[in-house]
Amino acid sequence: MRETTCCFTGHREIPAEKYMYIKGRLDEELEILIEKGIKTFCAGGAKGFDTVAAMSVLAARERHPEIKLSLILPCPEQADRWNEIDRMNYEEIKRRADEVTVLSEHYTRFCMQQRNRALVDSASVCICYLEQASGGTAYTVNYAQKSGIKIINLID
C-alpha cells in the first residue's frame, strides 16, 4: 500500500520560534494528502518532529477516521533515557497508534538507520523538517530522494 502511505522524518529539536510555523505547515500538508487519498501515515517515534507529526495525525484522525497512524520503531529501548514528559507522550502515541512495528529486539548501532529506511520503503510521500545537511534526517531525506518518492520539506 505504498501509494497510499506517507512517512515522516525530521530533527529532534524544533526551535521554539519555528514550532508554530512547522506545525501549521504540517497540518496543511496532512489535509492535502488526505484529500489526495493518503490513508496511512508512518512515524518513527523519535522525539521532536516525529512526535509532533504523530500527534498531528492523531488529531487529524478525529476528523478523518479513515486514516491510520503506523509507528515503525527501531527498538524497545528507544525512549528509556528520555525525560518523563517525553516518555509519557511516546507511550500515549504508541497506545493510540493503529499499528506498532518494532524492528530490532534490542538497540544496535544500525537500528535507527534501519528504522529510517523502513519508513521510506513503506511510503510514496515523505514529509520532512530538514534544516541541517548532515545527520539522520539528512540521511533519510537523501535515501527518499534516491528512492524516487515525493518529498515535502516543511521549511521550503
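This note goes through the strands, pockets and selected residues of a predicted model.

1. Basis. The model is predicted, so local features need pLDDT of at least 70 and side-chain atom pairs count only at pLDDT 80 or more, while totals for chains, interfaces and linings use all residues. Residues are numbered from 1 along each chain as its sequence is written, and side-chain values use heavy atoms, with hydrogens and water left out. Helices (H or I, at least four residues) and strands (E, at least two) are DSSP runs, numbered from the N terminus.

2. Strand β1. This strand spans residues 5–10 and is mostly covered, with six of its six residues buried. Buried means under 20% relative accessible area, exposed over 50%, and partly exposed in between (1.4 Å probe, protein chains only). In a regular strand, side chains alternate between the two faces of the sheet. On one side of β1 are T5, C7 and T9, on the other C6, F8 and G10, and all are buried.

3. Partners of β1. Two strands are taken to pair if DSSP finds at least two bridges between them. Strand β2 (residues 40–43) runs parallel to β1 and is joined to it by three bridges; the bridge partner of C7 there is C42. Right-handed here means that, with the strands pointing away from the viewer, the path from the first strand over the helix to the second runs clockwise. Strand β5 (residues 125–129) is also parallel to β1, with five bridges between them, and C7 stands opposite C126.

4. From β5 to β6. Four bridges join β5 to strand β6 (residues 150–153), again in parallel. C126 stands opposite I151 in β6. Together, β5, α5 and β6 form a right-handed β-α-β unit.

5. Largest pocket. On a 1 Å grid over the protein atoms alone, a cavity is a set of points where a 1.4 Å probe fits but cannot get out, and a pocket is an open set with protein on both sides within 12 Å along at least five of seven lines; lining residues have an atom within 4 Å of a point. Grid points are joined across faces, edges and corners, and a volume is the space filled by probe spheres set on the points. The largest pocket has a volume of about 290 Å³. Its lining holds 20 residues, with R12, A46, R115, N116 and G136 nearest the centre. The elements giving two or more residues to this lining are β1, α4 (111–121) and α5 (136–147), and α4 provides the largest share, five residues. By class the lining has four nonpolar, 12 polar and four charged residues. In this scheme Ala, Val, Leu, Ile, Met, Phe, Trp, Tyr, Cys and Pro count as nonpolar, Asp, Glu, Lys and Arg as charged, and the others, Gly among them, as polar.

6. Second largest pocket. Its volume is about 230 Å³. Among its lining residues are R12, E13, Y19, K47, W82 and D86. Helices α2 (49–63) and α3 (84–96) are the elements that give two or more residues to this lining; the largest share, three residues, comes from α2. The lining divides into five nonpolar, three polar and four charged residues.

7. V120. This residue lies in helix α4 and counts as buried, at 0% relative accessibility. Contact means heavy atoms within 4.5 Å. Not counting residues up to four places away in sequence, V120 touches R2, C7, T140, Y143, A144, S147 and I149.

8. H64. The loop between α2 and β3 (68–73) contains H64, which is buried with a relative accessible area of 14%. Leaving aside neighbours within four places in sequence, H64 is in contact with E31 and I34.

9. T101 belongs to strand β4 (residues 99–102) and is partly exposed, at 30% relative accessible area. Not counting residues up to four places away in sequence, T101 touches L71, I72 and L73; T101 and L73 are 28 residues apart in sequence and 6.0 Å apart C-alpha to C-alpha. E91, in helix α3, is partly exposed at 42%. E91 and G45 are 46 residues apart in sequence and 9.6 Å apart in space, C-alpha to C-alpha.
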